[in-house]
Each structure stands twice: as structure tokens, then as C-alpha cells.
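Q: I would like to learn how to read a ligand site and a sheet from a model. Can we go through one together?

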Amino acid sequence: MNYEPFLSAQGGRLRESAIRKMGALMAQTKDLVSFAPGYPAEDLFAWEALREIAHELLTGQDGKVLQYGATRGYRPLLDVVVGLMAERGIRSSVEQVIVTTGSQQGLDLVARVLCDPGDVLLVELPSYVGAISAFQNLGAELVGVPQESDGVDLDALASTLARLRAAGRRVKGLYTVPNFQNPTGLLVSQAKRRALLEWAAREDLLLIEDDPYRDLYFEDVTSAADTRPIAADDHEGRVIYLSSFSKTLAPGFRTAWLSAPAPLAARFELAKQSVDLCTSAFDQRMISEACRRGVLTAQLPRLRAAYGAKRRVMEAALTEHLAGRVTWPSPRGGFFLWTRLPDGVDATALLPVAVRHGVIYVTGDAFFVNGEGAAFIRLAFSAPSHERIQEGVRRLAAAITEVASTSARVPVSSPAAR
Ligand code: PMP
């Protein structure tokens with residue numbers, strides 16, 4: 001049966017995320033070293049503390065643990081979130097916060113509430129692939145703005161907006177990941193964060209600030225001021241701020257939050273009501289208790305040390321096996337090395353060869369809304385052990401060497417023909 005005629009415009013538009021597709025490929029291949037999904041390391045989860053909390057929650061004494069709950073979220077968790085935001089310098093109140101089923105849901109709610117089909121959101125080039133699919137699946141049109149090493153290119157931002165407005169397009173705002181961006185690992189400078197806020201005020205636009213990696217900085221981020229969110233200096237209500245417990249406690253709880261000016265938060269709440277009524281009560285209790293008992297606070301130094309060490313292992317392995325052939329900006333936090341391949345090696349052409357050698361990554365084009373990115377791969381160092389990182393990089397180097405030697409044998413066309 002042909003179901004196409006039954007699909008709505010939106011249903012027909014839905015696309016699978018490039019990373020989810022990788023998951024299927026991974027499942028089919030044995031002994032693959034996966035640098036593809038940005039998964040936290042499972043051995044770093046606070047298993048013991050979480051087991052204890054789960055045990056206490058499931059005694060049956062409190063039926064609400066397994067009951068439906070308020071759409072906004074479990075009240076003690078909302079209070080926890082307001083406290084976490086205050087530690088990050090953001091003043092908020094429970095009227096502004098909504099617990100979401102992962103930040104992924106937050107991104108979906110933002111697009112649902114802000115964007116009609118054809119409305120434009122500006123995104124960084126490259127940008128987080130999950131946000132790209134959430135926004136595009138709801139009909140938003142994404143227009144990319146190039147980034148420099150300290151964040152979005154402000155001149156390009158101004159000229160892109162002017163061009164879109166001259167063409168009569170409705171632009172709603174900019175989506176940005178200022179702390180250890182997925183995929184580049186970049187940290188946006190404080191000067192640029194202020195400039196973005198001024199730009200949003202001047203142009204009457206919103207900023208969507210997505211901040212799941214903020215706490216995962218390495219030893220060379222010396223000051224909390226380096227990661228101060230844009231929302232902390234927002235006095236006009238221009239910023240919708242999202243963050244998550246996925247990278248710090250565990251993504252399986254699907255517990256995250258968004259904070260927005262109260263009138264927008266009320267809209268997000270209504271949208272959430274029709275999507276899932278509420279985030280899992282049990283998951284929220286687990287997270288809330290973990291925060292109350294200091295499990296989160298105790299986790300953070302461990303995570304910073306462990307992920308910082310994994311970054312060093314991956315960088316050392318890349319230097320050992322691929323020195324001078326690949327380059328990357330050394331990330332000061334987060335999960336990723338954004339790696340530029342040698343000239344002439346295309347990330348998509350390399351992928352099947354890499355899989356044959358037993359390693360997988362995400363191709364750079366998945367993160368670009370303008371078709372660029374063929375020269376880049378995203379390597380997540382977060383999940384594999386040190387040994388697997390070393391082995392995976394060795395395999396990657398073998399794959400790159402194989403592809404580079406075949407492309408070198410292909411006769412190069414004359415410049416006039418290119
Ligand atoms: N935003 C960014 C930038 C991310 O990297 C991720 C996870 N990969 C998410 C949002 C979604 O996180 P979650 O839904 O698990 O909270």
C-alpha cells in the first residue's frame with residue numbers, strides 16, 4: 001500500500017538524524033570503534049548512588065513516583081533547576097522554567113511555538129545536527145552563518161540578516177551553542193556573547209542558547225567567567241536557554257530543561273502538554289534526588305578529569321598516526337574533536353573504508369545547513385576507553401592512508417577544467 005497520500009506536509013518532511021542512521025550501521029558491524037554518537041561514558045555514571053535512590057523511590061510509599069505529573073515539571077526539580085541556573089549567573093524563577101524530555105524536546109517545542117513553515121532561524125556553520133533536524137522537521141528554514149574561532153562571524157551575521165529581510169523573509173532569531181559546541185568544541189568569547197545580545201536587541205530577535213556541555217570544561221578553562229551563559233546578561237528577555245542532565249548524570253533519564261521569559265514559557269508548556277503531558281515522573285525524581293544528595297556536584301570533577309584525559313589520549317593518537325595530515329581546534333571542554341581531513345579526502349567517501357577498517361565517525365556535512373562540510377569529520381572521544389580511542393585512531397589513520405593513496409593515483413584535472 002502507498003501511504004504517501006496519507007502523509008501531512010510535515011509527516012512527509014520528517015528526516016532521520018544522520019547520527020541515528022550511524023547507530024544502525026554500528027549495530028550491523030562487529031568490533032567497531034565508535035567515535036560517532038556523542039554518548040557519555042557508561043562507566044562514569046553514578047551507578048551506586050542512582051541504584052540507592054531508585055531503590056528508595058520504588059518502595060511503594062509514594063505513589064506519585066509512578067504517577068502523571070505537572071506538565072511544567074516536578075516542583076522540587078524546578079527549584080533545583082532555578083538554583084543551578086543561579087550558579088551559572090542566570091536569574092530565573094519557576095514561572096520561567098519547564099522540565100523537558102531531553103533538550104531535544106526543548107528544541108522541538110521552541111520550533112513548534114516560534115516557527116511557521118518558511119520562517120527562518122539562523123544557525124552556526126556548522127551546528128548541532130539534532131537541532132537542525134528538529135527545526136527543519138517542523139518547517140523552519142535554516143540559514144547558516146560562518147563561525148570564527150571565537151564564535152559566529154558578526155559581519156556575516158549582519159549581512160545575512162539584511163539579505164533575508166530585503167527578500168521579505170521572517171527571521172525569528174539565532175540558535176547557538178556557545179560552550180564547547182557540538183560539533184566543533186568551540187567556546188564563544190564573552191565579547192562575542194555580549195555582541196550577540198546587543199545584536200538581538202538591536203534587530204528585535206530572539207537567541208536560542210543551548211548549553212548542555214557547560215559543566216564539562218577541562219583544566220585549561222580557568223574561570224567560570226569563560227562559560228558564563230548569554231542568558232546571564234539578558235535583561236530584556238531575548239534569550240531562550242536550554243540545558244540538560246544528559247551529559248552530567250545520564251541521558252537515559254531524558255531530563256532537561258528550558259528557561260524562557262514567562263509569556264513564552266507558558267506557550268512552551270501548552271505545546272509540551274500535547275506532545276507528552278509531562279516528562280517521566282520517575283526520571284525527574286531520580287534527577288531531583290541526585291541533585292539534592294550532592295551526586296551531581298560530586299560527579300562534575302570526575303567527569304571533567306575523565307573527559308579531559310580522553311581528549312588528550314585522542315589528540316596524542318591523532319598526532320602519533322596522522323601528524324600534519326589532519327588538524328583540529330583543541331577543545332577546552334565537551335565531547336568532540338572537529339577534524340579536518342587531508343586535502344582530497346572526502347568524509348563521505350572515507351566512511352565505508354573506515355567502517356571496513358573498524359571505526360566510525362559522523363561526516364561533517366551532517367552539521368552544515370548549506371551543503372558544506374565534506375572535508376570534516378566529528379570524532380566523539382567521550383564514550384570509548386583510552387585503549388579503544390587509540391585503536392580507533394590507528395584504524396582511522398589506515399583508512400585515510402588507503403583513501404588518500406587511491407585519490408592520489410586519480411589523474412588531477414587541469415585547473416582550467418575544474
Ligand atoms: N543540544 C546539544 C548541543 C547536544 O549536543 C545534545 C545531545 N547530543 C542535545 C541538545 C540533546 O540532549 P538531550 O536531549 O539528551 O538533553
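Q: How do the residues of the shell around the ligand divide into nonpolar, polar and charged?

A: This is a predicted model. Begin with the make-up of the shell: here it has 6 polar, 4 nonpolar and 3 charged residues. Ser103, Asp210, Tyr213, Ser244 and Ser246 come nearest among the 13 residues around the ligand.

Q: Which helix gives the largest share of the shell around the ligand?

A: Helix α5 (residues 102–114) does, with 3 residues.

Q: Which polar side-chain atoms lie 2.6 Å and 2.8 Å from an oxygen atom of the ligand?

A: A polar contact is a pair of N or O atoms within 3.5 Å. For Ser246, the distance from a polar side-chain atom to a ligand oxygen is 2.6 Å; for Arg254, a polar side-chain atom lies 2.8 Å from a ligand oxygen. The backbone can take part too: a polar backbone atom of Gln104 is 3.0 Å from an oxygen atom of the ligand. The protein buries 92% of the 400 Å² that the ligand exposes when taken alone.

Q: In what order do the 8 strands form the open sheet?

A: Read across the sheet: the order is β2-β9-β8-β7-β6-β3-β4-β5, with mixed pairing. β5 and strand β4 (residues 141–148) are antiparallel, with 2 bridges; Gln147 has Val152 in β5 as its bridge partner.

Q: Which strands does helix α6 touch?

A: Helix α6 (residues 129–137) packs on the sheet against β3 (120–125), β4 and β6 (171–176), and its direction makes about 155° with that of β4.

Note on methods: Residues are numbered from 1 along each chain as its sequence is written. This is a predicted model: local features need pLDDT of at least 70, side-chain atom pairs count only at pLDDT 80 or more; totals for chains, interfaces and linings use all residues. Side-chain values use heavy atoms; hydrogens and water are left out. A residue is near a molecule or strand if one of its heavy atoms lies within 4 Å of it. A polar contact is a pair of N or O atoms within 3.5 Å; within protein, one must be able to donate a hydrogen and the other to accept it, and residues adjacent in sequence count only if both atoms are side-chain atoms. Accessible areas come from the Shrake-Rupley method with a 1.4 Å probe; for residues, only the protein chains shown count as cover. Helices (H or I, at least four residues) and strands (E, at least two) are DSSP runs, numbered from the N terminus. Ala, Val, Leu, Ile, Met, Phe, Trp, Tyr, Cys and Pro count as nonpolar, Asp, Glu, Lys and Arg as charged, and the others, Gly among them, as polar. Two strands pair if DSSP finds at least two bridges between them. Contact means heavy atoms within 4.5 Å. Axes are lines fitted to C-alpha atoms, for helices over the stretch in contact, and angles run from 0 to 180 degrees between N-to-C directions.
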